Amino acid sequence: MGILGRTTAALASAAALAALCGCTGQAPAADGKHHSPIHIQLPSDPVPRSSTPAAEHSPTPPAKSGPAPQPARVLWARGDSGTDVRELQARLRQAAWLFDGPTGTYDDLTEKAVKGFQGKRGLPRTGKTDTVTWQRLLNMTHEPGTWELYLMGGQPAAQPDPRCLTGRVLCISKTSRTLRWMVDGRTVSTMSVRFGAQYTPTREGVFHVYWKSRHHVSTLYHSPMPYAMFFSGGQAVHYSYDFAARGYAGGSHGCVNVRDEAAIAQLFAQVRNGDKVVIYW
């Protein structure tokens, strides 16, 4: 092979190498000389085998399967009772879903109030107080005070005053707002009571029942005073329709009000004129 043939073969081999490696040929310079016959540019990244991204070929992961969500835990339901139920009822009153009580017993009215509260907030209307319902109610209300919890009575009675421990005594505590009917130091019955307002306070001290009037009507205020047992001037222990309806939201004109009509009816039948009345803090 002559010189021309060998040169042609060399150029062909270089061209093939350039095509394989991504090279570009360089044209002669302006002076007609070839300063560098071939410039080789190596690619910085390898050429992908396919134009389609690899991620598109990845199989879709299967959906995770887990246990079904559990329903919210029920805290209280119809038939339950106690201080927690009383707080629930007090908070339902704050939210204007319950207008009776608190009684401390989860009754039909409480169940109806819970259903209404749940439905208004898109919760299942079960009437049972579960953790979700309770948390929503907590967020909307404040912690009830003592006389919100016992707005309609039912509070425990205070310890009797020492003056109540002998004889037949109506032992009345202003602190706990309760009346104990006691005979020789033994408590026969207890009931919630209400006292006079700021400008008509109930007197404190030791008194005696001096007159009983079953169907009495106040000559001063023209209001009924059933089962009245007078102990000091015009002040008496008697049943109050207003106390029965509004609880401690109201007050008397100085009398000791009782809201439980059946309880005071029994008390009226047992108390005698001359029995002692002790009113204390």
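The structure is a predicted model, in which local features need pLDDT of at least 70 and side-chain atom pairs count only at pLDDT 80 or more, while totals for chains, interfaces and linings use all residues. Residues are numbered from 1 along each chain as its sequence is written, and side-chain values use heavy atoms, with hydrogens and water left out.

The protein chain contains seven helices and 13 strands; helices (H or I, at least four residues) and strands (E, at least two) are DSSP runs, numbered from the N terminus. Of its 281 residues, 35% are buried, a term that means under 20% relative accessible area with a 1.4 Å probe, counting protein chains only. The accessible surface of the chain comes to about 17,000 Å², and carbon and sulfur atoms hold 56% of this surface; such areas come from the Shrake-Rupley method with a 1.4 Å probe. Among contacts with a separation of 6 or more, 51% join residues 24 or more positions apart, where contact means heavy atoms within 4.5 Å.

Nine strands form an open sheet with mixed pairing, in the order β8-β13-β5-β6-β7-β12-β11-β10-β9. Strands β8 (205-208) and β9 (211-217) stand at the edges with a single partner strand each, so one side of each has no neighbour in the sheet. From one strand to the next, the twist averages 30 degrees; axes are lines fitted to C-alpha atoms, for helices over the stretch in contact, and angles run from 0 to 180 degrees between N-to-C directions. Strand β8 pairs with β13 (residues 276-280) in the antiparallel sense over four bridges, pairing being assigned if DSSP finds at least two bridges between two strands. Within this pair, H208 stands opposite K276 in β13. Helix α7 (residues 261-270) packs on the sheet, where the strands it touches include β5 (168-173), β7 (186-194) and β12 (256-258), and its direction makes about 45 degrees with that of β10 (224-232).

Helix α4 (residues 131-140) has T133, W134 and L137 buried. Seen down the axis of α4, these buried residues fall within an arc of 95 degrees, so they line one face of the helix; the arc is that of the directions from the helix axis to the C-beta atoms. They pack against β3 (74-76), α2 (83-94), α3 (108-120) and β4 (129-130). At the start of α4, a side-chain oxygen of D130 comes to within 3.1 Å of the backbone nitrogen of V132.

Two single residues complete the picture. T178 lies in strand β6 and is buried, with a relative accessible area of 3%. Leaving out residues up to four places away in sequence, T178 touches several others, among them Q155, P156, C171 and M191. The side chains of T178 and S176 are joined by a polar contact of 2.5 Å, that is, a pair of N or O atoms within 3.5 Å, of which, within protein, one must be able to donate a hydrogen and the other to accept it, and residues adjacent in sequence count only if both atoms are side-chain atoms.

S240 lies in the loop between β11 (235-239) and α6 (241-246), and this residue is buried as well, with a relative accessible area of 6%. Beyond its neighbours within four places in sequence, S240 is in contact with R194, N257, V258 and R259. Its side chain reaches the backbone nitrogen of D242 at 3.3 Å.

Terms used:
Buried means under 20% relative accessible area, exposed over 50%, partly exposed in between (1.4 Å probe, protein chains only).
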